[in-house]
Amino acid sequence: MSDSPSSPAVATEPAQRARPAAQRSYDNPYAKRLFLIIDSLPQMQRAMAMTLSSFGANSVEYATKPSDALAKMAKYEFDVVLCDYDLGNGYDGLYLFEEIRARNLLKQSCVFMIVTGERRSQRVVSAAELVPDDYLLKPFTGEVLRARLERAMRKREAFRLVDESILHHEYLSAIDTCNRKIEENGEFAFDFMRLKGSLALKIQDFDTARDAYMQVLRIKPTTWAKMGLAKALVGLKSLDEARLLFEAVLADNNQVMEAYDWLAKLYRGNGDLKRAQHVLQQAAELSPVVFSRQQRLAEAAVMNNDLATAETAYQQALDIAKYTWHRSPTHYATLARIQLARGDTANASRTLGNLRHDYRYNEEAEWLAGVVDSRLQAKNGEDGKAGELLDTADERFRQLLPKLDQDAQMEYARACYQQGREGRGNEVMEYLIRNHHDEEDALTRFGEMFEEIGLGAVGRQLISSNVKSVSELNNQAVLLAQSGQYEAAIEHFIKALEELPQNVQIMLNLINSVMAYVSQSGWHESHMRRAYELLGKVRDLAPTNNKFQKILQSWRLLVSKMDKPQWVI
């Protein structure tokens, strides 16, 4: 394999290779596994490779930088990843582990082990939150590594059955496999219960998740099952029960960091922003290196008009994100906005300069820098220059819109409202609302933005009217489909999608209508091609959407029935 250091792991001894395959597999669990060593120092790569070679490992890949590791993991399906903690430029193995999980590059049977000399309690807490398979402190002996690896590999091997399903976002299939293994009541039945619960939460099947975690708790009162049950209760809108359960978890162990995050979410949803901020500050003191926590703390502090705390938290979030997969130009824009709210134009100007420097040649970032600059000029009393910058941003907005995320669009809307262009701001927010009309978290964020800029009543009316409008548009087409008028429903959904190209619900309803039409009337090439392309788009936008998961299964049954294997997605 490629990119190996000058002294790669050597093959097993000839005498060992001569043994019968079954005996060799029994004697040596390392021989057929693919290893990845991630370390910035070639000499450490060689040392680890020699240790693995002494165990019998003969298939080893290497990565020096996080980008190399991600590329390797996208190319190969590794069985064991040994990752050094310190990967340079402020990027560490925990960040990489989080990114690998977020990109769905890690199969369930893969062992991921952090290797480090880091002993600071804050980092150990963060590691426990992200849950790699082990956290091996230097210096260690080969026998210690062997013992840790064999324990982890034996347990992870049981999950090989669900690897393909999860790597392809086929979560319902993975849950079915978990059910079979739970019924068999084998050695790892308990672990399959845990996996089933986490998968059900991922696709928002909260009834299944609740039942899975309650089944675990009847056997053993584990913290992870209590947390899982509490999350399921949130999804089922049993908020008081969930809050009591999160509080009980923290009463037993105040190091369960995720419980703080969920409590803060419940307080925030209930309008108790001061309590939400307090809980997040407690968590951030214990474990400060989690990006999403610092971001949520900054958001709560802004809503509480505690701008000093907001700036500190968002600066921390930006520092964490800078060398991780969270990295985004919108983080600079948010920090600059907070600094401008504090009247600190000097630091806002520096943040703007950093944005332009760190994202030069990136057209979305350059556009966003113009938006930030318009706000800075307005703050400095340069209304003419601010207006020119916003005019330029407006001209490019429609062209860049497909590439702009929610946060970038909201920053533009804020600038429009700040400079008296309420009509334009409303247009931007209407587009966002209508494309996310059934996403509760997104609508909550939009509402909070309006409250923050002093347009709470305007925002509530805008959200309400647009959600109602899209729901009616969608329901009209659904009624057509339910009455068997599939062609009319398809045309209705196509028109709706032209207006709302990012609305996942409309995409899924269009796919459903196409499948119903084909089931009734026979194969229709152009309709199925459109549906196929939309399935791929939804898989990219919202792979854990529960309705998508069910439609994906129906799609595969349909193309199999039609003898069209090339249309499997």
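Modeller: Two strands pair if DSSP finds at least two bridges between them; strands (E, at least two residues) and helices (H or I, at least four) are DSSP runs numbered from the N terminus. The model is predicted: local features need pLDDT of at least 70, side-chain atom pairs count only at pLDDT 80 or more, and totals for chains, interfaces and linings use all residues. Residues are numbered from 1 along each chain as its sequence is written, and side-chain values use heavy atoms, without hydrogens and water.

Biologist: Which residue in β3 is the bridge partner of Ile-38?

Modeller: Strand β1 covers residues 35-38 and β3 covers residues 80-84. They pair in the parallel sense over four bridges. In β3, Ile-38 is bridged to Cys-83.

Biologist: Which strands stand at the edges of the sheet?

Modeller: The open sheet has five parallel-paired strands, in the order β2-β1-β3-β4-β5. An edge strand has a single partner, so one of its sides has no neighbour in the sheet; this applies to β2 (60-63) and β5 (134-137).

Biologist: How many residues of α27 are buried?

Modeller: Helix α27 runs over residues 504-521 and spans 26 Å between its end C-alpha atoms, close to the 26 Å expected at 1.5 Å a residue; that expectation is 1.5 Å times one less than the residue count. Buried means under 20% relative accessible area with a 1.4 Å probe, protein chains only. The helix is mostly covered, the buried count being 13 of 18.

How values were computed
Buried < 20%, exposed > 50% of the residue type's maximum accessible area, 1.4 Å probe, protein only.
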